[in-house]
Amino acid sequence: TSFLCSTVQAEILTIESTNATPIWCSPLVSGTPYCIQASGWYYFAYSPGIPDLRENDANYFFLNNGNSVQVQYAPLRIDSQVVSWLGTVDGSTFSTNTYSPSHIYNYYLIGDGLAHSFVIADVFYADNLGSLQVSISPVPIPVLTITLAGTNSFVSWPSTAIGFNLYQNTDLTSTNWLLVTNQPSVVGDTNSILISGTSLGS
């Protein structure tokens, strides 16, 4: 899925690798989707003069001597929890279990009105060097387009919008909304799903 976190209205945090002090963001607006982007790398178990300096980014451990280990262990934690960072190879398509040569990773969550903490997990901080940067920005809510096709409808939205789920309901006044599980077809920069007439509300 393609999506680049916006820097508009972004809150920027610096997470040091040399201590276990959590850095807190401002409270996130309840119900608002956010993109959290982690970038940069730091020296892990740093020792000057060693040719295979060990390095970490938000999600992977690697070596700078050309032999990237790329062992995923997600040292950058949110609220002290491991999260599934999305990596990118080409700079625009982000997916799980992907090492980012650029050391940029995205994570998405829905604001709950609370502040959240960020910390680099380690058992010994004194031999680390450097920091990671975290930017937190609201994700624009995508516009849905509904096009009638006989008794059915095509529902479409920008393919750049991720972190959202599509639900359907035959009665728009009820609370019994069901998750749409069929995968959208992607044409250009648009996702589309055909919804049968029996599933449509009035």
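This is a predicted model: local features need pLDDT of at least 70, side-chain atom pairs count only at pLDDT 80 or more; totals for chains, interfaces and linings use all residues.
Local features need pLDDT of at least 70, side-chain atom pairs count only at pLDDT 80 or more, and totals for chains, interfaces and linings use all residues. Residues are numbered from 1 along each chain as its sequence is written, and side-chain values use heavy atoms, with hydrogens and water left out.

Strands are DSSP runs (E, at least two residues), numbered from the N terminus. Two strands pair if DSSP finds at least two bridges between them. E2 and E12 run antiparallel and are joined by two bridges. Here Ile23 stands opposite Phe118 of E12.

Phe118 also belongs to the largest nonpolar core, which has 24 residues. A nonpolar core is a set of buried Ala, Val, Leu, Ile, Met, Phe, Trp, Tyr and Cys residues joined through side-chain atoms within 4.5 Å. Buried means under 20% relative accessible area (1.4 Å probe, protein chains only). Ile36, Leu76, Trp85, Phe118, Val134 and Ile136 have the most contacts inside this core. Beyond its neighbours within four places in sequence, Val134 is in contact (heavy atoms within 4.5 Å) with residues including Ile12, Ile36, Leu76 and Phe118. Another core, of seven residues, lies apart from the largest one and includes Val155, Val180, Ile193 and Ile195.

A second open sheet has four strands in the order E14-E15-E19-E18, paired antiparallel. Its edge strands are E14 (145–149) and E18 (185–187). Five bridges link E14 to E15 (residues 152–158). Leu148 has Ser153 of E15 as its bridge partner.

Technical notes:
Buried means under 20% relative accessible area, exposed over 50%, partly exposed in between (1.4 Å probe, protein chains only).
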